[in-house]
Every structure is written in C-alpha cells, then in structure tokens.
Amino acid sequence: MKDGSADMHFKIKLVFSDELVCFLQKKPKSNEVFCKIDRKRSIKDIIESKGVPHTETGRIIVNGKDVDFHYIPEGPQTIGVVHAIPPFDVTAPTVLRPSPFPEIRFIVDVNVGKLAQLLRIIGINTLYSNSYSDREVADLAETDKRIVLTKDRGLLKRTKVVFGRHIRSINPYDQLTEVIGFYGLKGPFTLFAICLQCNVPLCHVEKQQILHRLRPKTKKYYSLFFSCPKCEKIYWKGTHHDHIAKRLISLGVNMAEAQRPFFT
Ligand SMILES: [Zn+2]
C-alpha cells in the first residue's frame, strides 16, 4: 500500500440531474448510477466514464458543498452532478471553471457546419474549417479561448476544451436559437458585420470604388456596400438580407433596428 490506493474498494452513488440522463451510456432506470472505485480517480474521469462530457456539467456537489473536477472520492458517498444551466456565463468564474473567458467566441465542429455560417451571419466571432481534426479544434479552443460547439461527445471530453456545448437541435436555425438561448446572447445582432468566409470584420466601401465589380442590377438598386479586408468579397443589403432577417426575427432573434426588413 505504497500510495494508499491499493486498498480502495468502495462504491459511490452519482445522482445526475434529469438533463444529463440522455448522456449516460447504460440507460439507467433512474438518474442514480452506482460506480465501483478501486483506485484514485478524479470526479471528472468518473463522470465522463459514465458518458457525460465535463462541459455539460454545471456543478458537482458533495455533502452540500461544490467541488471541482479534480476532486477524488476516498470513501462511499453520494455525489450530485448538475447540468450547466442557461443562461450560461463563460465570463464569470465558478468552482468548476475558475478561469473564465474574456468574451464569447466560438469554434464550431464540422458536424454542425451550417451553424457556423449562421453565427457569422449575425456577427458572432466563429472559427470553422471542415479540415480541422478533433485535436486541432481542442488546441484552438484552448489557445484562442473559444467555446466548442459540436455533436461529438468525445471531443467535449478533452481537457483542453474548457467550455463547450453538445448541440441538441438538428435544424441549423434551431441550433442557432439553442446557442443564443443557452449562452444568453442578447443582441441586438447585425447581419453581415463579419465576412462569412474569413470571420473578420467587414469595412464600409464606397460604391464608386467597386462599380466595376458589381452586376448591373446591384449597381442600379443598392448604394451601401461592405467588403472583406482579407478576401475582398463584397456584401450589400439586398433581398437575401431581408429573407434572413425575416426568418431570424420570426425565431425571436433580437435583430438591430437598422437590420430589419422594410416589410416584416
Ligand atoms: Zn473574407
């Protein structure tokens, strides 16, 4: 018994909040799961071995007190595991995540790629590439302090991923409202504030400077233009803008007044 763990043989009871039951690998009859402990293991490791990514956890409670992911059970006990409750503030320190992020920005996994486009459409800083590996997503999430959005539970179990969300919805617009609601994003949002390809802020550009690049009808009917300083793509408020704005408003997304269509 050199390290004091050779004689560890006991059971703990994990009580998951209802919202976490869907993640449990073996579908339990209730939200209580028993776990045999025969070596020193962090509570993060124990919870994730049952299928629940640490990013989905909002609080871990032992004897009425909050503990962090490093907590090691050393005897029979009951541990409460509570889901992350919206609006979830990634800029405020908590027991589980004492080093918050300075602002909200995302990195989106390839399995929810259309969500990345919609987040950029409403002006939210979002990294996305369909060539990122899971490892690259986790590395970027750590170094760039980004929230990971994915349907991959394994990716969310990586330690480098501090904040993340397992996206529940299927439809991309529903996914967008899910993210807005979960992270309490209030808006008002502005369409086409950043380049949809490059994720960099757009700059106002004089129509005269880009006349040669416009189609005849665009040249005739529109006067306000923006361009991307990186890829030089041109954006303007056209009918496509109104369609997207109408749909977002119908979903309850708070659009800036100037972004609203003339007829909603
Ligand atoms: Zn661009």
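**Entry 1: I194**

I began with I194, which lies in the loop between α5 and β10. Helices here are DSSP runs of H or I with at least four residues, strands are runs of E with at least two, and both are numbered from the N terminus. The model is predicted, so I note that local features need pLDDT of at least 70 and side-chain atom pairs count only at pLDDT 80 or more, while totals for chains, interfaces and linings use all residues. Residues are numbered from 1 along each chain as its sequence is written, and side-chain values use heavy atoms, with hydrogens and water left out.

I looked up the accessibility of I194 and found a relative accessible area of 8%, so I194 is buried. Buried means under 20% relative accessible area, exposed over 50%, and partly exposed in between, with a 1.4 Å probe and protein chains only. I also looked up R120: its C-alpha atom is separated by 6.4 Å from that of I194, although the two are 74 residues apart along the chain.

**Entry 2: zinc site**

Which atoms coordinate the zinc ion? I found the SG atoms of C195, C198, C228 and C231, at 2.3 Å. Donors are N, O and S atoms within 2.8 Å of the metal (3.2 Å for Na, K and Ca); water is not among the atoms, so sites may look incomplete. Along the chain the donors have the spacing C-x2-C-x29-C-x2-C.

The angles among the 4 donor atoms are 105 to 115°, and the site is tetrahedral; for four donors this term requires all angles to lie between 85 and 135 degrees.

**Entry 3: sheet β10-β11-β12**

I traced an open sheet of 3 strands in the order β10-β11-β12, with antiparallel pairing. Two strands pair if DSSP finds at least two bridges between them. The edges are β10 (203-205) and β12 (234-236); each has a single partner strand, so one side of each is left without a neighbour in the sheet. Neighbouring strands are turned by 40° against each other on average, direction ignored.

β11 (residues 225-227) is joined to β12 by 3 bridges. In this pair, S227 is opposite I234.

I then read along β1 (residues 10-16).

β1 runs antiparallel to β2 (residues 32-37), with 6 bridges between them. I12 is opposite C35, and K13 has F34 as its bridge partner. In β2, V33, C35 and I37 form the covered face, and E32, F34 and K36 the uncovered one.

With β5 (residues 77-83), β1 pairs in the parallel sense over 5 bridges. Here V15 is opposite G80.

**Entry 4: α2 against α5**

Last, I looked up how α2 (residues 113-121) meets α5 (residues 172-182): their axes come within 9 Å and cross at roughly 60°. That makes α2 oblique to α5, a term for angles that are not under 35 degrees (roughly parallel), over 145 (roughly antiparallel) or 65 to 115 (roughly perpendicular). Axes are lines fitted to C-alpha atoms, for helices over the stretch in contact, and angles run from 0 to 180 degrees between N-to-C directions.

Technical notes. Four donors count as tetrahedral if all angles lie between 85 and 135 degrees; four count as square planar and six as octahedral if opposite donors are over 155 degrees apart and all others between 65 and 115; anything else is irregular.
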